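Colleague: I'd like to go through the helix packing in this one. Can you take me through the terms as we go?

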Amino acid sequence: MAKIKVGFSVSTLYTFPVLSWIIRLFEKWFHSSHVYYELPGSENGEKMAMVLEASIYDGVNLKPATSFYPTIKVNREYGIEVTEDQIALVLDWWRKHDGTGYGKMQLVGDAIQKLLSPFGMKNNPFSDGPDTMVCTETVGRVLENVLGLDVPQDFDVVGLRDIQRVLESDKSGRVTRLI
């Protein structure tokens, strides 16, 4: 068995990370503003972890962990026990979605939905399905469609707290909190 990590983080690139603060505000001051996967991997016969994410700069992408971790602070991390076949399925999912644009309007719609949810709004007004994705949607889609964990929210409104809840409520014994 191998392990895929799901990490929650904040950027360390900016002195005033305004977008990060806005995301955290709408997530009720959640500890993080980003979520990603770390996959075991290798390049030229050497072990090298890879990070699968959706970022505002690159959309859905896979990058070496060595270039990702210096730009973030990890606040929480979970490990999911997976088979090599499941890792291959995650990589197949990435190949299918690589380069999918970042859902900037989806992020705005998510904020509107969160503001208006006390008044009954359940859907993201700027939902566009898998045409663009934000980090939580990317992680949610892989959790449910590839790794078999139930994500009860629509992917266009799933938030950081929702992803953490899915990981913490897993009953299979495959998910453990690492940090």
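This is a predicted model: local features need pLDDT of at least 70, side-chain atom pairs count only at pLDDT 80 or more; totals for chains, interfaces and linings use all residues.

Colleague: Which element of the chain has the lowest mean pLDDT, and which the highest?

Modeller: Strand β3 (residues 42–43) is lowest at 66, and strand β7 (residues 72–82) is highest at 97. Strands here are DSSP runs of E, at least two residues; helices are H or I, at least four. The chain mean is 92.

Colleague: Why are α1 and α4 called roughly parallel to each other?

Modeller: Angles under 35 degrees count as roughly parallel. The axes of α1 (residues 18–26) and α4 (residues 104–116) cross at roughly 30°, so the two are roughly parallel to each other.

Colleague: What makes up the contact of α1 with α4, by residue class?

Modeller: Contact means heavy atoms within 4.5 Å. L19, I23 and F26 in α1 meet L107, A111, K114 and L115 in α4. That divides into six nonpolar, no polar and one charged; Lys counts as charged, and Ala, Leu, Ile and Phe are among the nonpolar.

Colleague: And why does the roughly parallel label go to α5 and α6?

Modeller: α5 (residues 135–145) and α6 (residues 160–168) pack at about 25°, with their axes 9 Å apart, and are therefore roughly parallel to each other too.

Terms used:
Residues are numbered from 1 along each chain as its sequence is written. Side-chain values use heavy atoms; hydrogens and water are left out. Axes are lines fitted to C-alpha atoms, for helices over the stretch in contact, and angles run from 0 to 180 degrees between N-to-C directions. Angles under 35 degrees count as roughly parallel, over 145 as roughly antiparallel, 65 to 115 as roughly perpendicular and the rest as oblique. pLDDT is the predictor's confidence in each residue, from 0 to 100.
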